[in-house]
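Q: Walk me through this one feature at a time, please. Give me the general idea as we go, then the case at hand.

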Amino acid sequence: MPEKMTTVAEETNPYQNALRQLENVARVLNLDDSIHGVLQKPKRELTVHFPVSMDGGGTRMFTGYRVQHNTGRGPAKGGLRFHPDTDLDEVRALAMWMTWKCALVNIPFGGAKGGVVCDPKSLSPAELEDLTRRYTTEISPLIGPDADIPAPDVGTNGQIMAWIMDTYSMHRGHTVPAVVTGKPVSIGGSEGRLDATGLGVVLVTEEALKRRRETLDAQRVVVQGFGNVGGAAARYFHRHGARVVAVSDVRGGIHNPQGLDVPALVSHAARSGSVLGFPGSDPISGAALLELPCDILVPAALQGQITRANADKIQACMVVEGANGPTTPDADLILRERGIEVVPDVLANAGGVTVSYFEWVQDLQSFFWTEEEVNQRLARILSRASAEVWAAAETHKTDLRTAAYAVGVGRVAEAIRIRGIYP
Ligand code: NAD
């Protein structure tokens, strides 16, 4: 864990946090200084500025990024975020975390991430399509099935992946499904991909509970974020016997200590655009939701949610990170001192990239698997990665984050060492 406390601005800078986490793991692994130096820097960063024709006439300029952190173990892999607050440091951090995540679950990818500074909800479908196609064109020198494969993240979805696939394919003159994952099944997407991250969160939680000789049965779960990850996680928690007592989205939260009827809530949110106003629930602020007494807290929205400002008020027994980077290193320290176990992002939400890997493999082979096959393989990989994380925690006598990063960083370092420094 980090040794020094930071200023508030530093505490929520995701790239600074990713670097602190790496520094900590480098110490634990006794990592060679030159390899540590390679891993501190993203391999490639591209910033693009581009115009989009707006419905009302005229054009508006947008800024986007694509960062490849490391490709030592294979092509770069990572999501694409459309959000008004995204910036280069956020994308750098997310790319670095992707490198460790892919290595931890032992799939042959490096790490990358992309972002466009925009509010997708304020764009018309035509504007969103134009923005996606132009951004794809601008980053096309970097992406490709052997080079860098985007996927959905906050603010993007299967439709946006379909536009990326189509744009890239138009430029090549033939269809290239493997350039992107998280596509609809009708154009080469994988069965199970839509739910994979949320299902993975639940499978990894079960792995964590197994080590306490507990099951999900009747555990009280609080989920922050009701999008691709949080929404699916809530559904699977409910289906696997847990009691989902509170959920939130960007507009606020809802609470029912007896447990929410999650399938009905999913329909309500799809109809109304928010979890708010769900019959039989009480409203609760997003901040208060994080501090509810519960067994399992699942932050599944954005990074920097559990900080040193609220870490001492968290009342969960266990935090399972559906989002990337929701707990700052300072908060990690506090939770650890308070005996609250944190199941880290690189393990907890790795189900998404794992099934993205399956999608890429299926696309390259033009041979597709059933949802049952996908989910069986997913469960096997997450169970193996979980075992490796708990074993590493034992070996290094550390918390789970340090252990998970040690497994991931160790594999990347080994790839760099064995490949050598070119030329
Ligand atoms: P999404 O856009 O589908 O959903 C985000 C959800 O968070 C929405 O419900 C939104 O309303 C809510 N939200 C935003 N700000 C909030 C706030 N301050 N408080 C409460 N809720 C808030 O995004 P997603 O794909 O579900 O991604 C969520 C997190 O999971 C991100 O950190 C992302 O990097 C991570 N992640 C996503 C995937 C994936 O496959 N989509 C995989 C691994 C990790």
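A: Let's start with A218, which is partly exposed at a relative accessible area of 44%. On that scale, buried means under 20%, exposed over 50%, and partly exposed in between, with a 1.4 Å probe and protein chains only. Keep in mind that this is a predicted model: local features need pLDDT of at least 70, side-chain atom pairs count only at pLDDT 80 or more, and totals for chains, interfaces and linings use all residues. Residues are numbered from 1 along each chain as its sequence is written, and side-chain values use heavy atoms, without hydrogens and water.

Q: Which peptide bond is cis?

A: Most peptide bonds are trans. Here a cis bond joins Y422 and P423, with omega at about 5°. P423 sits in the segment after helix 15.

Q: How are the domains assigned?

A: Bounds come from an automatic or database domain assignment. That assignment gives domain 1 (44-179) and domain 2 (196-348). Their C-alpha centres lie 27 Å apart. Their contact (heavy atoms within 4.5 Å) takes 11 residues from domain 1 and 8 residues from domain 2.

Q: How many residues does the largest nonpolar core have?

A: A nonpolar core is a set of buried Ala, Val, Leu, Ile, Met, Phe, Trp, Tyr and Cys residues joined through side-chain atoms within 4.5 Å. The largest has 86 residues, and L39, W100, F237, V247, V298 and V343 make the most contacts inside it. Helix 15 is the biggest giver to this core, with 10 residues. Domain 1 and domain 2 both give residues to this core, so it lies between them. Leaving out residues up to four places away in sequence, W100 touches L22, L39, H69, V346, Y405, G408, V409 and V412. A second, separate core has 24 residues, including M54, C118, W163 and V176.

Q: How much space lies in the second largest pocket?

A: About 300 Å³. On a 1 Å grid over the protein atoms alone, a pocket is an open set of points with protein on both sides within 12 Å along at least five of seven lines; a cavity is a set where a 1.4 Å probe fits but cannot get out; lining residues have an atom within 4 Å of a point. This pocket is lined by 13 residues, and V38, K43, N70, I416 and G420 are the closest to its centre. Strand 2 (59-70) and helix 15 (400-419) each supply at least two residues of that lining.

Q: Which residues line the largest cavity?

A: T12, P14, N17, W97, Q303, G304 and G325 do. The space in the largest cavity is about 30 Å³, and a search of the whole structure finds 1 cavity of 30 Å³ or more.

Definitions and conventions. Points joined across faces, edges and corners; volume = space filled by probe spheres on them. Helix = DSSP H or I, 4+ residues; strand = E, 2+ residues; numbered from the N terminus.
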